[in-house]
Amino acid sequence: METKISPAKSGLQLGLLFGVIMVLEFVISYIIGVEKLIGSSFGLIINLLNYLILPFLFIYLGCSNYKKLNDGFVTFSECLKIGVSITVIAALIYATFNLIFNLIFPDFGEQILRITKSEILKKSPDMTAEQMDVAISMTKKFMSQYIVFPVTIVMYAFFGLLYSFLVGAIVKKDSNQSF
């Protein structure tokens with residue numbers, strides 16, 4: 001009797017790898033210095049990798065691998081399960097790391113707020129102090145781990161769903177079993 005691996009479990013390793021890559025990118029960004037990344041091509045590359053290229057690549061690899069393990073067949077719904085599981089696992093790893101990092105280095109949040117304030121002033125030099133206070137208070141609210149953690153998970157799940165639709169349309173091949 002052969003054991004069949006579930007689509008969600010088949011994405012576990014790729015989700016772990018994707019999550020670790022995002023953590024490494026974060027650490028490299030921190031070492032380089034966040035303020036040096038503002039407006040640089042490195043920041044753009046990181047965003048393209050994390051939100052476009054890597055999710056699509058890992059979902060494609062996951063679906064293709066599952067197809068190979070499943071005698072050349074993968075359904076559209078299996079692609080959706082694989083893709084969402086990969087991105088949710090990666091997001092859990094990244095969000096957990098981010099939470100721990102901000103607990104260990106609480107000054108990092110303050111550094112981000114200073115950079116944000118500086119960037120706002122560059123783009124809107126005529127902004128009043130009240131407007132700046134409102135903008136910074138909103139930024140602080142959205143930097144709260146109570147917001148960042150769940151939003152990261154939901155955002156990557158959504159991206160995983162979108163990319164899974166695309167990948168599923170490319171790689172899906174239903175078995176021709178008749179009942």
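**A ring pair and its surroundings**

A: Phe26 has a relative accessibility of 13%, so it counts as buried; the word buried stands for under 20% relative accessible area, exposed for over 50%, and partly exposed for what lies in between, with a 1.4 Å probe and protein chains only. Before going further, please keep in mind that this is a predicted model, in which local features need pLDDT of at least 70 and side-chain atom pairs count only at pLDDT 80 or more, while totals for chains, interfaces and linings use all residues. Residues are numbered from 1 along each chain as its sequence is written, and side-chain values use heavy atoms, with hydrogens and water left out.

When the whole structure is searched, 19 aromatic pairs are found. In one of them, the ring centres of Phe26 and Tyr94 are 6.2 Å apart and the ring planes stand at 75°, so this pair is edge-to-face. To pair, rings of Phe, Tyr and Trp (its six-membered ring) must have their centres within 6.5 Å, and planes under 30 degrees apart are called stacked, those over 60 edge-to-face and the rest tilted. Because Phe26 belongs to helix α2 (residues 12-32) and Tyr94 to helix α5 (residues 76-104), the pair ties together parts that are 68 residues apart in sequence. Helices here are DSSP runs of H or I with at least four residues, strands are runs of E with at least two, and both are numbered from the N terminus.

If its neighbours within four places in sequence are left aside, Tyr94 is in contact with Met22, Val23, Phe26 and Thr152, where contact means heavy atoms within 4.5 Å. Tyr94 and Leu16, which are 78 residues apart in sequence, have their C-alpha atoms 9.8 Å apart in space.

Val23, one of those contacts of Tyr94, lies in helix α2 and, with a relative accessible area of 15%, is buried. Beyond its neighbours within four places in sequence, Val23 is in contact with Ile93, Tyr94 and Phe97. From Val23 to Phe165 the C-alpha distance is 26 Å, and these two residues are 142 apart in sequence.

Val20 is placed in helix α2 and is partly exposed at 42% relative accessibility, and its C-alpha atom is separated by 9.9 Å from that of Ala91, which is 71 residues away along the chain. Glu25, also placed in helix α2, counts as buried at 9% relative accessibility, and it touches Ile46, Leu49, Asn50 and Leu54 when residues up to four places away in sequence are not counted.

Finally, the chain itself gives the setting for these residues. Its secondary structure comes to eight helices and zero strands, which read along the sequence as α-α-α-α-α-α-α-α. The radius of gyration of the chain is 20 Å, well over the 16 Å that the globule rule gives for 179 residues, so the chain is more spread out than a compact globule; this radius is taken over C-alpha atoms, and the globule rule is 2.2 Å times the number of residues to the power 0.38. Along the principal axes, the C-alpha atoms of the chain fill a box of roughly 70 × 30 × 30 Å. Of the 179 residues, 35% count as buried. Among contacts between residues at least 6 apart in sequence, 83% join residues at least 24 apart.
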